[in-house]
Amino acid sequence: MILKLSKVLNFLIVVVLFWATTTSNAQIHCGDVSITPDTTVNSLMVFDNFTNYQSGITINSVTRIRVTVEDKNTPDPLCSWSLRMFIDNNSGAGTPPTEWEEITTYGNGNGQNPLINSLEIRVRNSCTTSPSDGIYRSFTDANDILDIIEQMLPVTPAGSCTDNINGAGSYLTNYNEFNFNVDIRFKPDFSFNPGIFKLNIRFLLSENL
């Protein structure tokens, strides 16, 4: 996610970078575990007037996470999966854990850099598969993890269109359970430093071991 703010024009551009990944190690209980598409998705928010600053901007279905979890040739009843969200602000390079990564600032830079918790994320699908379905949530800092489907839950088979579906299945056969729409909203603060800032959000699909 890249945030750009011009101090003179109160002009803010937010480019959201979503990374969808799966664990690459050999599966123990499941066969293939994958997110489609397994690529980066960008989105753009432009704040160029006071109305946008005051109310923020919401983008629905900014990306979709489509899950496929296949059984082995001989199905294992322990095959289950989890889906989680992580955030990356390049804290290893010195970015404070509560702030976006600073690329450049305009002016003296004496204000507050944008805070991670200013970005809100909502994940939803037609079966309300996630217990947090339809709820906007924020990362507290770069160490925070947001669960969509938690790890190590009892196996709930596909096909029942209920909470915490985590058994084998696919968005191709059970679309309303294995497809997740992602919405975002961002309301900037007038005290934020103008400049360019970057934030990445990563979705990780893993087999439960």
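Are Arg 122 and Asp 183 buried or exposed?

Modeller: Arg 122 is buried, and Asp 183 is buried as well, where buried means under 20% relative accessible area, exposed over 50%, and partly exposed in between (1.4 Å probe, protein chains only). This is a predicted model, in which local features need pLDDT of at least 70 and side-chain atom pairs count only at pLDDT 80 or more, while totals for chains, interfaces and linings use all residues. Residues are numbered from 1 along each chain as its sequence is written, and side-chain values use heavy atoms, with hydrogens and water left out.

The side chains of Arg 122 and Asp 183 meet in a salt bridge, at 2.8 Å from N to O; the term stands for a side-chain nitrogen of Lys or Arg within 4 Å of a carboxyl oxygen of Asp or Glu. Arg 122 is in strand S8 and Asp 183 in strand S11, so that this pair links distant parts of the chain, 61 residues apart. Strands (E, at least two residues) and helices (H or I, at least four) are DSSP runs, numbered from the N terminus. Arg 124 belongs to the picture too: salt bridges that share partners join Arg 122, Arg 124 and Asp 183 into one network.

The structure holds 4 salt bridges. Another one connects Glu 120 with Arg 185, whose closest N and O atoms are 2.6 Å apart. Glu 120 lies in strand S8 and Arg 185 in strand S11, so this pair ties together parts that are 65 residues apart in sequence. Glu 120 counts as partly exposed at 24% relative accessibility, and Arg 185 is partly exposed with a relative accessible area of 31%.

Arg 185 has a further contact. The charged end of Arg 185 sits over the ring of Tyr 136, 3.8 Å from its centre; a charge counts this way if NZ of Lys or CZ of Arg is within 6 Å of the ring centre and within 35 degrees of the ring normal. Elsewhere, Arg 202 lies over the face of Phe 86, at 4.9 Å from the ring centre.

A salt bridge is also found between the side chains of Arg 84 and Asp 147, at 2.7 Å from N to O. Arg 84 lies in strand S6 and Asp 147 in strand S9, so the pair ties together parts that are 63 residues apart in sequence. Arg 84 is buried, with a relative accessible area of 18%.

A search of the whole structure finds 2 aromatic pairs; rings of Phe, Tyr and Trp (its six-membered ring) pair if their centres lie within 6.5 Å, with planes under 30 degrees apart counted as stacked, over 60 as edge-to-face and the rest as tilted. The rings of Trp 81 and Phe 178 have centres 5.6 Å apart and planes at 40 degrees, so this pair is tilted. Trp 81 is in strand S6 and Phe 178 in helix H2 (residues 175-178), a link between distant parts of the chain, 97 residues apart. Trp 81 is buried at 0% relative accessible area, and Phe 178 also counts as buried, at 0%.

For Trp 100 and Phe 186, the ring centres are 5.3 Å apart and the planes stand at 65 degrees, so the pair is edge-to-face. Trp 100 lies in the loop between S6 and strand S7 (101-105), and Phe 186 in strand S11 (residues 179-186), so the pair ties together parts that are 86 residues apart in sequence. Trp 100 counts as buried at 0% relative accessibility, as does Phe 186 at 1%.

The disulfides remain. The structure holds 2 disulfides, a disulfide being a pair of cysteine sulfur atoms within 2.5 Å. Cys 30 and Cys 79 form one, with their sulfur atoms 2.0 Å apart. Cys 30 is in the loop between strand S2 (11-22) and strand S3 (33-36), and Cys 79 in the loop between strand S5 (57-69) and strand S6 (81-88), 49 residues apart. Both cysteines, Cys 30 and Cys 79, are buried.

Cys 127 is joined to Cys 161 by a disulfide, at 1.9 Å from S to S. Cys 127 sits in the loop between strand S8 (119-124) and strand S9 (146-149), while Cys 161 sits in the loop between S9 and strand S10 (169-170), 34 residues apart. Cys 127 is buried, with a relative accessible area of 4%, whereas Cys 161 counts as partly exposed at 41% relative accessibility.
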